[in-house]
Amino acid sequence: MRRDIKIAAAWLTSAIAAATASAWAAPAPAPAPARAPAAAPAQTAPTQTAAELSLTRFDCGKTTTLNDVSRFSDVAAFKGLNIELTFSCYLVKHGNDYLVWDTGNPPASGSAPAPTAPKLSLVEQLAQLHLQPEQITFVAVSHYHGDHVGQVASFPQATLLIGKGDWEVLNDPKPNAGINTANFARWISGGGKVEPVSGDKDVFGDGTVIMLNTPGHTPGHHSLLVKLKEKGNVLITGDLAHFRENYDSNGVPTFNTSRADTLASLDRFKQLATNLHATVIIQHDARDIEKLPAFPAGAK
């Protein structure tokens, strides 16, 4: 029996030793995961070169004396105020395309030209930039008043951009007195391409030149936003305001078509000017001429 006990003890000692060795043995290395195939290089979309953009101011006439501007307020805010007014037009170069913004008064002609007439026509000023009327892609007008459309007929091949509300007025069989449709005869007859603009219009489709819907002076009145690379954003009023005092006080001319629309448009325009840190150019204010380089230079 003593011999059996010895055999059992030896067996137990051997089992404990084997279990201990097994517990401390290093685990077998796990099989290495399969290597994922290398990702293909990302395809980079071709970079589109931004179109060259510039803004040039044309001389489209001016007043020769100070003007009584009391009629530019329907609450008698400008009684006794006299200001020199100017008439300005603009050329926007966008790559190989061109837009003329407003066309001012008719050029001087005859032995007794109008005192507000420009000395050189837009066609003559374009020639100084080595451009012909046929190269103008768009002729855009802020509204239909004569001092903004006096030379629009000089660009018969251009697409006319005009506010829808103003276009409807021009096509009324019996337009209001003082509205001269003769300058638009080519487009009214269907001989030229026209785009009546309702709302805003991204002219070149890249957000750099935008006609802004600012009704009130006329039903389809528009202003212009040009986003220049060096100078920054420029806002051109059209006739949203006619001079600085008019702009600063939200003055509404007695002859505007809608007081409520004018005030809403002024509010929108001013908020845009603030948010975009824009240079505001009041087209009729001679004090704003120096905000752009002197012709033939342009802002970029």
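Mentor: Before we start, one term: two strands pair if DSSP finds at least two bridges between them. With that in hand, F58 stands opposite C89 in β4. Keep in mind that this is a predicted model.

Trainee: Okay. Over how many bridges do β1 and β4 pair, and in which sense?

Mentor: Eight bridges, and the sense is antiparallel.

Trainee: Which strands are in that sheet, and in what order?

Mentor: Six strands, in the order β1-β4-β5-β6-β7-β8. The sheet is open and its pairing is mixed. β1 and β8 are the edge strands, and each pairs on one side only. On average, neighbouring strands are turned by 20° against each other, with direction ignored.

Trainee: Back to C89. Which residue does the disulfide join to C89?

Mentor: C60. The S to S distance is 2.0 Å. The angle about the S-S bond is -140°, and the link is left-handed. C60 sits in strand β1 and C89 in strand β4, 29 residues apart, so to speak two distant parts of the chain.

Trainee: How many disulfides does a search of the whole structure find?

Mentor: One.

Trainee: Are C60 and C89 buried or exposed?

Mentor: Both cysteines are buried.

Trainee: What about the rest of β4? How many of its residues are buried?

Mentor: Nine of the nine, so β4 is largely enclosed by the rest of the structure. Both faces are covered. One side has T86, S88, Y90, V92 and H94. The other has F87, C89, L91 and K93.

Trainee: Why do the residues split into two sets like that?

Mentor: In a regular strand, side chains alternate between the two faces of the sheet.

Trainee: Next strand over. How do β4 and β5 pair?

Mentor: Antiparallel, over five bridges. Y90 stands opposite W101 in β5, and H94 has D97 as its bridge partner.

Trainee: Jump to β7. How many of its residues are buried?

Mentor: Five of the five, residues 159-163, so β7 is largely enclosed by the rest of the structure too. T159, L161 and G163 are buried on one side. L160 and I162 are buried on the other.

Trainee: Which way do β6 and β7 run?

Mentor: They run parallel, joined by three bridges. F138 has T159 as its bridge partner. β7 also pairs with β8, in the parallel sense, over four bridges. There, L160 stands opposite V194.

Trainee: Core next. Which residues in the largest nonpolar core touch the most other members?

Mentor: L91, I136, V152, F155 and L160, out of 26 residues. β1, β4, β5, α2, β7 and α4 each supply at least two residues of this core. As a rule, nonpolar side chains in soluble globular proteins tend to be buried together.

Trainee: What is F155 in contact with?

Mentor: Leaving aside neighbours within four places in sequence, F155 contacts V100, T103, L122, L126, P133, I136, V139 and W187. There is also another core, apart from the largest one, with 22 residues. L53, L55, F138 and F204 are among them.

Trainee: Change of topic. What order do the five strands of the other open sheet take?

Mentor: β9-β10-β11-β12-β13, with mixed pairing. β9 and β13 stand at the edges with a single partner strand each, so one side of each is left without a neighbour in the sheet.

Trainee: How many bridges join β11 to β12?

Mentor: Five, and the strands run antiparallel. L224 stands opposite I236 in β12.

Trainee: And what does helix α7 lie across?

Mentor: β10, β11, β12 and β13. Helix α7 covers residues 259-275 and runs at about 165° to β12.

Trainee: Whole chain, then. How many helices and strands?

Mentor: Seven helices and 13 strands. Of the 300 residues, 42% count as buried. The chain exposes about 16,300 Å², and carbon and sulfur atoms supply 55% of that.

Trainee: And what share of contacts join residues at least 24 apart?

Mentor: It is 65%, among contacts between residues at least 6 apart in sequence.

Terms used: Residues numbered from 1 in each chain as written. Predicted model: local features only at pLDDT ≥ 70, side-chain atom pairs only at ≥ 80, totals over all residues. Heavy atoms only, no water. Buried < 20%, exposed > 50% of the residue type's maximum accessible area, 1.4 Å probe, protein only. Contact = heavy atoms within 4.5 Å. Areas by Shrake-Rupley, 256 points an atom, 1.4 Å probe, with all protein chains shown as cover. Core = buried A, V, L, I, M, F, W, Y, C linked by side-chain atoms within 4.5 Å. Disulfide = S-S within 2.5 Å. Axes fitted to C-alpha atoms, helices over the stretch in contact; angles between N-to-C directions.
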